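Q: I have a new model open and want a quick tour. Can you walk me through it?

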Amino acid sequence: MLIAADKFKGSLTAVQVAERVTTGLRRIVPTLQAASLPVADGGDGTVDAAVAAGFERREVRVAGPLGHEVTAAFALRDDTAVVEMAEASGLQRLPAGVFAPLTASTYGSGELLRAALDAGARTIVFGVGGSATTDGGAGMLSALGARFLDAEGEPVPPGGGGLAELASADLSALDPRFASVELVLASDVDNPLTGPKGAPAVYGPQKGASPDDVETLDAALAHYAKVLEDSAGAKAAEYASAPGAGAAGGIGYGALLLGARFRPGIEVMLDVLGFAAALEHADLVITGEGSLDEQTLHGKAPAGVATAARAAGKEVVAVCGRLALQPQALGQAGFRRAYPLTDVEPDIAKCITEAGPILEKVAEQIARDFLV
């Protein structure tokens, strides 16, 4: 038995999901041998998943999205680091109810990357998602030595809105260590930087952007990419339309400029976490996340787990807070069955506030269906 689930956002961490599932299973099968491997797809919770798999947690003081100092963490094992941009620049770093779509900066994410380099990392998995920012990674690049200046030769204001004032960009002083480091951009989205499917249009509203803000940000990021093309060459224009450039408010674009290689987040994390080795000893895999829906099928952690497990001939079931997929879609994605908390407790509010005990009851049912 292998429990490889993501977090139930707002209710349980991935580690807590594994603990609750294990507790429920063992109520029915007390002698059950169950291994847990909490997973993540590059978004928030990625560092926690790496730490649960044996990485060392490292903490550093960096700038939050509004410039205030925060304590952020990355994970390190040997010379491999897992850096999660949401730790520095995520929505959870904003005060409750506060959004800053035009001014939030990824500067702290650049500081986190530098800390990983300082710690001796030669491979950096850069998980992006859950951002408060739409600055195209300009803040991150600034923290790593880039200069973005207005017509007066002054640094442009932080955030995506400030890029409208950009007159020149200089990447010549970027941290030279990136030339000899493997940087992997791990994301569950493959959007380009701008346009109808770009970062501002698709994800800006989630960060508090009004329709006017979205228009402002899209124009500012397009201008930013044009100025970078003038200073860094044609590759800057190519990166703007490349898969993953629009991830996490365009920080993917900044990562590509650093030489990153884009890979689906869950694929990268399964490799880093040692999923294949853990899978060898399992006959049933339990995965899941808070909401099993259409988004799950497009690069989210449970779908990645199901694909890898089924390829190895293992049976997969899912646990979730709510289920919004039809049985046919579940089957095509590799899930034998899904178990939502709402099967036990129809009240969604209770499913959120009492997710742990309800999940234990769901796990008891899985044990009855598959283990006895």
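This is a predicted model: local features need pLDDT of at least 70, side-chain atom pairs count only at pLDDT 80 or more; totals for chains, interfaces and linings use all residues.

Q: Which residues of α12 are buried?
A: In α12 (residues 301–311) they are Ala301, Pro302, Ala303, Gly304, Val305, Ala306 and Ala309. Buried means under 20% relative accessible area, exposed over 50%, and partly exposed in between (1.4 Å probe, protein chains only).

Q: What do they pack against?
A: The buried residues of α12 pack against α10 (265–273), α11 (275–279), β11 and β12. Contact means heavy atoms within 4.5 Å.

Q: How does α12 run relative to β11?
A: α12 lies across β11 and β12, at about 160° to β11. Axes are lines fitted to C-alpha atoms, for helices over the stretch in contact, and angles run from 0 to 180 degrees between N-to-C directions.
A: Helix α15 (residues 355–370) packs on the sheet too, touching β11, β12 and β13. Its direction makes about 150° with that of β13.

Q: What is the strand order in that sheet?
A: β2-β1-β11-β12-β13, an open sheet of 5 strands with parallel pairing. Two strands pair if DSSP finds at least two bridges between them.

Q: Which strands stand at the edges?
A: β2 (35–36) and β13 (337–340). Each has a single partner strand, so one side of each is left without a neighbour in the sheet.

Q: Where is the hairpin glycine with a positive phi?
A: Gly67 is in the hairpin of β3 and β4, with phi near 100°. That hairpin has 5 residues between the strands. β3 (residues 56–63) and β4 (residues 69–77) run antiparallel, joined by 8 bridges. Arg57 has Ala75 in β4 as its bridge partner.

Q: New topic: β6. How many of its residues are buried?
A: 5 of its 5, in residues 123–127. Thr123, Val125 and Gly127 point one way from β6, and Ile124 and Phe126 the other way.

Q: Which strand pairs with β6 over 5 bridges in the parallel sense?
A: β5 (residues 80–84) does, with Val83 opposite Phe126. β9 (residues 182–187) also runs parallel to β6, joined by 5 bridges. There, Gly127 stands opposite Ala186.

Q: How much space lies in the largest pocket?
A: About 1,200 Å³. On a 1 Å grid over the protein atoms alone, a pocket is an open set of points where a 1.4 Å probe fits, with protein on both sides within 12 Å along at least five of seven lines. Lining residues have an atom within 4 Å of a point. Grid points are joined across faces, edges and corners, and the volume is the space filled by probe spheres set on the points.

Notes: Residues are numbered from 1 along each chain as its sequence is written. Side-chain values use heavy atoms; hydrogens and water are left out. Helices (H or I, at least four residues) and strands (E, at least two) are DSSP runs, numbered from the N terminus.
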